[in-house]
Amino acid sequence: MAWTKYQLFLAALMLTTGSLNTLSAKWADMFSAKGCRDDPDHPFTHPFVQAVGMFLGEFSCIAVFYLLLCHDRRRPEPRMNPGQSFNPLLFFPPAMCDMTATSIMYVALNMTSASSFQMLRGAVIIFTGLLSVAFLGRRLTPSQWVGILTTILGLVIVGLADFFSGHSQDTHKLSDIVTGDLLIILAQVIVSVQMVLEEKFVYKHDVHPLRAVGTEGFFGFFVLSLLLIPMYFIHAGAFSGNPRQVLEDALDAFCQIGHEPLILLALLGNTVSIAFFNFAGISVTKEISATTRMVLDSLRTLVIWAVSLALGWEQFQGLQVLGFLVLLVGTALYNGLHRPLLARVPWCAAMVGAEEPEDGPGERERLLGDGRVQSTDEG
């Protein structure tokens, strides 16, 4: 069945805003400007300030939820399910996981390329699958285990591509690239814990996805904003990247924004894109399918890589292309995207039916998160 114009719009919106989310964050990292003192121009290295902006974007999803609810209630027959009342503190533990993982990933983005950053986030499949077996009692199908192993292979290939590119580019030192890649994978472990917590304690409540994203965004924004105060005084040495060598110098960030207004444009792009990305992702799942959402999420990695090459932010690496393709296959196998194809082959149909997880495909799709990581997230 052909897509309607509205469905095409939603797909394009998800792909565009999902790509802009990572690209705008990387663009901000590439600026240099003066700070609050007489220091010379220095890079805009403020990952925690960027994370606060990202959570502000997620927090705005609550406003989007109530706007949609008000619009729906004006209809003769309202169709939107606002969900049941819930204790917002249910979202506090997963929000803290989200806050920690997002902050780590923004630190890592300062050290590695935007395309590698996006590709390595595919590691979340490995840890989510393993944790769901250990703590949710889920049973993975053979194709899901093959998908996990394929994803590991893809991560190794992407890591090797970064290792070899580290010898031939001046934008990042090899030690920074390796550290950044490892931090991204560490963040995916935390994201997987977040997903398992949401699956175990949150999804049993009937909460609208936009409201859930907005509630987690509120906690992340509020707590991380408060943490910027002690971070201003915690000495972090050369790892910090700012002149005072503290964990985060928010005042220096604002001064740099004052001297270079384009940084503000990049940060606003990150904040606005994450809000629209979550809205578009949830709408694509509702209007088209969760499978389409996963495919579009994989395509945005390709868009980020292509734009980074076109802008000269990174150099072409054949190994990276191979790694991306292997990761794509691993994601497809884990999420069961191969099933519709195999079901058309007579001798494979019985095998596909026997391999269906006991919880059904809906549970598997829900386990992948709310749009910020594999879609989730992001960030």
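Predicted model: local features only at pLDDT ≥ 70, side-chain atom pairs only at ≥ 80, totals over all residues.
1. Start with α1 and α11. Helix α1 covers residues 5-29 and helix α11 covers residues 262-287; their axes come within 7 Å and cross at roughly 150°. Angles over 145 degrees count as roughly antiparallel, so that is the label for α1 and α11. The crossing of these two helices is left-handed. As for what sits in the contact of α1 with α11, the residues split into 19 nonpolar, ten polar and one charged.

2. Next, α7 and α13. Here helix α7 (residues 142-165) packs with helix α13 (residues 318-334) at about 165°, and the axes are 7 Å apart. That angle makes α7 roughly antiparallel to α13. Where α7 passes α13, the crossing is left-handed. The contact of α7 with α13 is made up of 17 nonpolar residues, ten polar and one charged.

3. Now the core. The largest nonpolar core holds 76 residues, and Phe44, Phe91 and Leu224 are the ones with the most contacts inside it. Helix α4 (residues 92-109) supplies the largest share of this core, with eleven residues.

4. Leaving out residues up to four places away in sequence, Leu224 touches Phe48, Ala51, Val52, Phe55, Met99, Ser103 and Met231.

5. Is Ser19 buried or exposed? Its relative accessibility is 3%, so Ser19 counts as buried; the cut-off for buried is under 20%. Beyond residues up to four places away in sequence, Ser19 touches Arg300, Val303 and Ile304.

6. Ser19 and Asp297 are 278 residues apart in sequence, yet C-alpha to C-alpha they are 9.0 Å apart in space.

7. Phi of Gln245 is near 55°, which is a positive value in a residue other than glycine. Where does Gln245 sit? Gln245 is in the loop between α9 (209-231) and α10 (250-259). With 32% relative accessibility, Gln245 counts as partly exposed.

Key
Residues numbered from 1 in each chain as written. Heavy atoms only, no water. Axes fitted to C-alpha atoms, helices over the stretch in contact; angles between N-to-C directions. Helix = DSSP H or I, 4+ residues; strand = E, 2+ residues; numbered from the N terminus. Parallel < 35°, antiparallel > 145°, perpendicular 65-115°, else oblique. Left-handed = near helix turned anticlockwise from the far one by under 90°. Nonpolar A, V, L, I, M, F, W, Y, C, P; charged D, E, K, R; others polar. Core = buried A, V, L, I, M, F, W, Y, C linked by side-chain atoms within 4.5 Å. Buried < 20%, exposed > 50% of the residue type's maximum accessible area, 1.4 Å probe, protein only. Contact = heavy atoms within 4.5 Å.
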